[in-house]
Amino acid sequence: MELHQVEFSTERSRSYKLALNQFPECWKEDTLMMYDFLSPQCGESILEIGAGSGFFSFDISTSIGPEGRLFVVDPSPDQLKPIYERADDNITIMQRPAEDISLSEGVQLDAIWSRGAFHHVKSKEAVLNNLAQFAKPGARLVICDIFSGTKLSDYFDEHVAISCTTGHEVSFLSKPYAKSLCKLTGWSEPKFTDLALQWHFERKEDIGVFLSLLHSNKPEYSHKHSLDDAERLLGIRRTPTGWHSIGQ
Ligand SMILES: C[S@@+](CC[C@H](N)C(=O)[O-])C[C@H]1O[C@@H](n2cnc3c(N)ncnc32)[C@H](O)[C@@H]1O
């Protein structure tokens with residue numbers, strides 16, 4: 001068995017959850033985006049790759065109701081803790097990387113959802129190949145992630161890779177790469193939507209606090225450092241009710 005290093009453990013995970021607890025309103029657009037693109041329906045079976053601390057899992061679980069089933073996959077026990085604690089009856093927790101997903105015989109998925117996690121998956125082709133076996137005909141595969149060659153991939157490659165306590169050695173999708181992956185693994189031609197989701201904050205400096213917590217900055221990288229790089233690489237604007245920066 002291949003040894004899989006759990007990147008989001010202890011400090012990285014503690015800090016990630018702190019960011020979301022401190023700024024619970026900032027990802028409102030991301031939640032709307034999940035409803036728009038995944039559109040979870042009552043009674044559906046859905047698999048979530050890299051569920052983390054359950055930011056989307058609880059909304060999905062509520063939407064599919066008691067007749068539905070949500071399989072959440074994530075290798076980090078620290079990240080998954082809030083999902084274990086809430087213990088929704090219709091959620092099955094699979095504490096493992098996407099590379100090790102196995103579902104019981106007969107399980108057929110209506111949809112697969114992943115946000116901000118697929119760049120961490122090392123064997124993307126093997127994972128998509130495996131998942132195609134469990135997908136109902138016409139099943140929806142919705143991957144919301146950072147694409148290479150974007151402002152956001154620049155922010156991760158230039159800033160997060162050096163400031164994050166665990167580093168950030170990942171591989172981002174490109175449109176041609178996603179197309180060939182789908183073709184090779186039995187999925188139909190992907191449709192792409194470029195989203196510039198905005199993350200909302202009351203005060204400009206909150207953006208630096210949020211990003212430095214979300215990406216678990218090393219002590220030598222301050223909130224201001226994250227704010228300045230976000231301003232330079234992503235853009236920050238004033239809104240009638242506060243400030244926003246572009247998310248993923
Ligand atoms: C940036 S977080 C996103 C969490 C959640 N989807 C969200 O939007 O808040 C990335 C997550 O991917 C998980 N992850 C890392 N490697 C993975 C892998 N090989 N398979 C599945 N999940 C993985 C991490 O443990 C982490 O929880």
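This is a predicted model: local features need pLDDT of at least 70, side-chain atom pairs count only at pLDDT 80 or more; totals for chains, interfaces and linings use all residues.
1. Residues are numbered from 1 along each chain as its sequence is written. Local features need pLDDT of at least 70, side-chain atom pairs count only at pLDDT 80 or more, totals for chains, interfaces and linings use all residues, and side-chain values use heavy atoms, without hydrogens and water.

2. The ligand is surrounded by 21 residues, and the closest are Y16, G50, D74, A98 and R115 (a residue is near if one of its heavy atoms lies within 4 Å). This shell consists of 11 nonpolar, 7 polar and 3 charged residues (Ala, Val, Leu, Ile, Met, Phe, Trp, Tyr, Cys and Pro count as nonpolar, Asp, Glu, Lys and Arg as charged, the others, Gly among them, as polar).

3. An N or O atom in the side chain of R115 is 2.6 Å from an oxygen atom of the ligand. A polar backbone atom of G50 lies 2.8 Å from a ligand nitrogen atom.

4. Helix α6 (residues 151-163) and helix α9 (residues 223-233) have axes that come within 10 Å and cross at roughly 145° (axes are lines fitted to C-alpha atoms over the stretch in contact, with angles from 0 to 180 degrees between N-to-C directions; helices are DSSP runs, H or I, of at least four residues, numbered from the N terminus). The contact residues of α6 and α9 comprise 3 nonpolar, 3 polar and 5 charged (contact means heavy atoms within 4.5 Å).

Notes: A polar contact is a pair of N or O atoms within 3.5 Å; within protein, one must be able to donate a hydrogen and the other to accept it, and residues adjacent in sequence count only if both atoms are side-chain atoms. Helices (H or I, at least four residues) and strands (E, at least two) are DSSP runs, numbered from the N terminus.
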